[in-house]
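User: I'd like to learn how to read strand pairing in a model like this one. Can you walk me through it?

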Amino acid sequence: MNQFDAVLRTRDLSRTHGRGESLVHAVDGVDLDVRTGQMLAVMGPSGCGKSTLLHLLGGLERPTGGEVWLAGRRIDTLGERALAQLRRRSVGFVFQAFHLVEELSAAENVELPVLLAGRSPRTARRRTDQLLEQVGLADRARHLPWQLSGGQRQRVAIARALANEPLVLLADEPTGNLDTAATLDVLRLFEGLRTAGQTLVIVTHDERVAATADRLVSMRDGQLVDDTWMTDHGQPVGGIHGWEG
Ligand code: ADP
Ligand code: MG
């Protein structure tokens, strides 16, 4: 796979809820290719299907129609075990409400997915030290979530999501509960990840987050209604084609 191939691909992706009168098309025929290393922002009004799309991309929910491909492998047809393994190893999730394990320290929260992926405690510790350092929380390793600010908790959650070096990082309104200073911290972190080549899909209402992305898609009623590329895979638009021409 070369760097311009899609690491994530959907075809006619759909997800309905309920039936009859109460049938809801949460996601309705979405075709989306996310390039390796791309930072994609997803925007749209509440209830338009953003979270559902993200869940489908990461195997948290199963589609009712269409296909999802991750790194060239079709994932919507995987069995439960394979899907659980994929969620654990190949995708990282970040939620608006952090979803840390409250009884575990910051370091233990980050370590857990590494251990669950079957790696040694020593590897898990090394990886955790490195990640907490990366998110600027090396000095908070022993703190419990309630002893941390919202911004710090979200940075722990991001470290946890990165623990198994996921192919894609999926974030659902990651700054939705944060003040401006904490939002900027998280944004700087995402920019660093993007520079390092991490593929990111971020659902957001925040213009600052969207402005950082390479590409912005807008949703309405379960469908993609706009797709704007601000940069060409991190390169200014025209740069790559300019060299070719
Ligand atoms: P967004 O994240 O953009 O706010 P969602 O993906 O959460 O939108 O929801 C899209 C639509 O699907 C909404 O109409 C919502 O009410 C509906 N929906 C989402 N999850 C469920 C569910 N588990 N059961 C029934 N309807 C759902
Ligand atoms: Mg949502």
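This is a predicted model: local features need pLDDT of at least 70, side-chain atom pairs count only at pLDDT 80 or more; totals for chains, interfaces and linings use all residues.

User: Which strand pairs with strand 2, and in what sense?

Analyst: Strand 1, residues 6-17, pairs with strand 2 in the antiparallel sense, over nine bridges.

User: What is the strand order of the open sheet of four strands?

Analyst: Read across, the order is 2-1-4-5, and the pairing is antiparallel. Strand 2 (24-35) and strand 5 (73-74) are the edge strands, each pairing on one side only. Helix 1 (residues 50-57) packs on this sheet and touches strand 1, strand 2 and strand 4 (65-70). The direction of helix 1 makes about 125° with that of strand 1.

User: And what is the order in the open sheet of six strands?

Analyst: There the order is 6-7-8-3-9-10, with mixed pairing. Its edge strands are strand 6 (91-95) and strand 10 (223-229). One parallel case is strand 6 with strand 7 (residues 168-172), joined over five bridges. In that region F95 stands opposite D172 in strand 7. Helix 6 (residues 180-195) packs on the sheet, touching strand 3, strand 7 and strand 8, and its direction makes about 150° with that of strand 8.

User: Which residues line the largest cavity?

Analyst: Among them are L56, R62, V68 and D76. The lining divides into five nonpolar, one polar and three charged residues.

Terms used
Residues are numbered from 1 along each chain as its sequence is written. Chains are lettered from A and ligands numbered from 1 in the order in which they are written. Side-chain values use heavy atoms; hydrogens and water are left out. Two strands pair if DSSP finds at least two bridges between them. Helices (H or I, at least four residues) and strands (E, at least two) are DSSP runs, numbered from the N terminus. Contact means heavy atoms within 4.5 Å. Axes are lines fitted to C-alpha atoms, for helices over the stretch in contact, and angles run from 0 to 180 degrees between N-to-C directions. On a 1 Å grid over the protein atoms alone, a cavity is a set of points where a 1.4 Å probe fits but cannot get out, and a pocket is an open set with protein on both sides within 12 Å along at least five of seven lines; lining residues have an atom within 4 Å of a point. Ala, Val, Leu, Ile, Met, Phe, Trp, Tyr, Cys and Pro count as nonpolar, Asp, Glu, Lys and Arg as charged, and the others, Gly among them, as polar.
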